Number of protein chains: 2
Amino acid sequence: MRSEDLAKLLGLSRSTISRVINNYPDIPQATRDKVWKAIEEHNYAPNASARNLAGVKNKMIAIILLDINDNEEPHHVKTTEDTIIHDNPFFSPVVNAVSDQANKMDYYVLVSIAYSKKDLKKVQNIFHQKIIDGAIFVGTQEAEYELIFNLIEQNHKIAMIDTSEVYNTDHDAIYINADNYEGSVKAVSYLLELGHTSLGIITGNLKKLSAIERLKGFEQTLTQHGIERHKDAIYHGDFTENSGYDGAKHLLSGPNPPTAIFVSNDTMAIGAYKAINELGLRIPEDISIIGFDNSFFSPYLNPALTTIEISFSDIAKRATTLLIESIEQEQQRRIVEKEDATLIKRESCKAIKSM
Amino acid sequence: MRSEDLAKLLGLSRSTISRVINNYPDIPQATRDKVWKAIEEHNYAPNASARNLAGVKNKMIAIILLDINDNEEPHHVKTTEDTIIHDNPFFSPVVNAVSDQANKMDYYVLVSIAYSKKDLKKVQNIFHQKIIDGAIFVGTQEAEYELIFNLIEQNHKIAMIDTSEVYNTDHDAIYINADNYEGSVKAVSYLLELGHTSLGIITGNLKKLSAIERLKGFEQTLTQHGIERHKDAIYHGDFTENSGYDGAKHLLSGPNPPTAIFVSNDTMAIGAYKAINELGLRIPEDISIIGFDNSFFSPYLNPALTTIEISFSDIAKRATTLLIESIEQEQQRRIVEKEDATLIKRESCKAIKSM
DNA sequence: CTGAAAGCGCTTACAG
DNA sequence: CTGAAAGCGCTTACAG
């Protein structure tokens, strides 16, 4: 059914049908009602391509998940190709939240996952073909910046999630990230509140901004509280389970074993749990552990892991809102925001007698 | 940049540009090369809406996740609105696999999550507006069948995942599900191989086909092996953690406690673990536990849960392939398939001395 | 208030 | 082999 058909049926012109659909003023209520009724009855919906070609916005955004393998070790555990994204703890909440928010703002969502540089061309095409009005990039790495900056120059609207180190670019865009520093401060403060004064940290891969900021939060909080640290209270991990295992073994076998360890992500906490088990120690009786990320598995660890939650939902929601605003205002906004990180108390931390 | 611009640049007509893009025969290689070179250089890509309006297929499918609350208790744990889909163990693998497979077949993927009946209208619109060529529905319930059947009658191409009880409809469609019966047979057979002869089962909600088939597999396998069962070896659960807890308590406090329990999903296994802990029993030394689903948390339980894996990836991939084939052949296929369920051996089952 | 007509950017018979 | 032209189904100035 085309608008022409509907028009004939009602003895009107396509113009009028179009006007009521697009909510033009100066149409008598009676006509309006008649048209809407016929639309409902005949399940008419204007052809999206025709509308689009005639100048109406598509109202479609893309969420583009970048998971392109260069030589870097991945942040999250990966096994077969199938599970790459599945194992990525933010895939589900991000896609879900973007979809949800876009839906509320009356936009459609295209999902595109790029595994290879070849896929990047397809991503580019989505823009050039005018399929979408804008996109949210997730997990961008340096190799992809050029593409993105080109897109911005071509006046496409862009938001980025979980993308670091580009704040100082001269390309306006929306950058939404978690507040890693603040989350780290919360973790350490909590440990201090519980009475711990001997703290260790297993860091993430210090090439990543998130790892750096988490370490910075740890160090500065201790300094602020006048707590001295042993040099060997810092173990340089890399966000993997294995390095968590090694880190815990190392920290707990030293001369001054800490009473609490801040593990820079939950994946490493799994390794730390194993190591601690093997050492015959108990969590939290002998050693308190706090993680970071509130990964999906953290409530199921034994004991349930106390950790810092980063709400990827909130981040995704915020990025979506700002992106769509940029689209509607036809002006790319420049926004750099960090979203709150929250302490999630579970069972892996214990108060210590203050002596 | 429009095809007209490119044509002028090259001293050709739009027709020729179009012909090389659409791979028409009878074009000299020289022309072809020249055009492609210019396309690359100028980042030209044909406007998708214009193409579509001119009759070329969109090459876009939708994945429609139905999570509409009627009065039914949900299969999976749900908390706040944000986490509804996030907690759904198949969201991520399904979206990922559909996207991946569609990408390989050169299709785009629209994601749509419907929480309410109101959202269903939007779903309908995606079809009527001709935005997509077909769709995969996930988790359809009875209330949505009418909509789907209407769509099929209107000649839209449809596949369904995780949708039961509609096999005997007269509407052709693609139905892809897990083989619950076979998975159950594998679970029980494994337990028998380990030497267990006294088995208990905690069933799922027996209104659901999956629960029924899992129970049927349990019963028939035992019968085939000539193993008698006590009536009280069957506990009627409902797929929730609590019912797993109650079930384990019930089965293990009876007069003839089993040496192994087949728990009809992993969520209930969490409850069973708790109960067993409280009873002072150890897994697997005192009691073997096998789950179903291979939910994301099952490797992290302590001990890691042996379970039956349903590959939502495979299911999604298969559905995507068949859907796109239906689209390209312009004929809705009728296909009913069950995908393999696989035993995942971990640490919650132990061999028993044969006396 | 409303219709006739141009135009959006392609594709594809139709000619040549 | 290739161009001119019709047509896809809308929207929106332009008239009236």
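Reader: Leaving aside neighbours within four places in sequence, which residues is Leu10(B) in contact with?
Author: Beyond its neighbours within four places in sequence, Leu10(B) is in contact with Ile17(B), Lys34(B), Val35(B) and Ala38(B). Contact means heavy atoms within 4.5 Å. This is a predicted model, where local features need pLDDT of at least 70, side-chain atom pairs count only at pLDDT 80 or more, and totals for chains, interfaces and linings use all residues; side-chain values use heavy atoms, with hydrogens and water left out. Residues are numbered from 1 along each chain as its sequence is written, while chains are lettered from A and ligands numbered from 1 in the order in which they are written.

Reader: Where does Leu10(B) lie, and what separates its C-alpha atom from that of Val35(B)?
Author: Leu10(B) is part of helix α1 of chain B, residues 3-10. Helices (H or I, at least four residues) and strands (E, at least two) are DSSP runs, numbered from the N terminus. Leu10(B) and Val35(B) are 25 residues apart along the chain, and their C-alpha atoms are separated by 7.6 Å.

Reader: How is chain B laid on chain A?
Author: By a turn of 180 degrees and a shift of 0.1 Å along the axis, with an RMSD of 0.1 Å. That is the relation of a two-fold axis. The superposition is by least squares on the C-alpha atoms of residues with pLDDT of at least 70 in both copies.

Reader: And why do the copies meet through the same surface?
Author: Because 98% of the interface residues of chain B are interface residues in chain A as well.

Reader: Which sheet has 12 strands, and in what order?
Author: An open one with mixed pairing, running β11(A)-β5(A)-β4(A)-β3(A)-β1(A)-β2(A)-β2(B)-β1(B)-β3(B)-β4(B)-β5(B)-β11(B). Its edge strands, each pairing on one side only, are β11 (335-339) of chain A and β11 (335-339) of chain B. From one strand to the next the twist averages 20 degrees. Two strands pair if DSSP finds at least two bridges between them.

Reader: How many bridges join β4 and β5 of chain B?
Author: There are 3 bridges between β4 (residues 157-161) and β5 (residues 174-178) of chain B, and the two strands run parallel. Ala159(B) stands opposite Ile174(B) there. Helix α7 of chain B, residues 142-153, packs on this sheet and touches β1 (60-66), β3 (134-138), β4 and β5 of chain B, with its direction at about 150 degrees to that of β4(B). Axes are lines fitted to C-alpha atoms, for helices over the stretch in contact, and angles run from 0 to 180 degrees between N-to-C directions.

Reader: New topic. How is chain A divided?
Author: Into domain 1 (3-53), domain 2 (60-178 + 312-339) and domain 3 (180-310). The bounds come from an automatic or database domain assignment. Domain 1 and domain 3 of chain A have C-alpha centres 62 Å apart.

Reader: Which sheet of chain A has 4 strands?
Author: An open sheet in the order β7-β6-β8-β9, with parallel pairing. At its edges are β7 (234-236) and β9 (288-290) of chain A, each pairing on one side only. Strand β6 (residues 199-203) of chain A pairs with β7(A) over 3 bridges, and Ile202(A) stands opposite Tyr235(A). Helix α9 of chain A (residues 209-224) packs on the sheet, touching β6, β7 and β8 (260-263) of chain A, and its direction makes about 165 degrees with that of β6(A).

Reader: Which residues do ring pairs link into a cluster?
Author: Phe218(A), Phe262(A) and Phe292(A). Rings of Phe, Tyr and Trp (its six-membered ring) pair if their centres lie within 6.5 Å; planes under 30 degrees apart count as stacked, over 60 as edge-to-face and the rest as tilted.

Reader: What lies over the face of Phe292(A)?
Author: Arg214(A), at 3.7 Å from the ring centre. In chain B, the charged end of Arg214(B) sits over the ring of Phe292(B), 3.7 Å from its centre. The test is NZ of Lys or CZ of Arg within 6 Å of the ring centre and within 35 degrees of the ring normal.

Reader: Is the peptide bond from Asn302(A) to Pro303(A) cis or trans?
Author: Cis, with omega near 0 degrees. Pro303(A) is in the loop between β9 and β10 (307-310) of chain A. The bond from Asn302(B) to Pro303(B) is cis too, with omega near 0 degrees. Asp293(A) is in the loop between β9 and β10 of chain A, and its phi is near 115 degrees, a positive value in a residue other than glycine. Most residues other than glycine have a negative phi, and most peptide bonds are trans.
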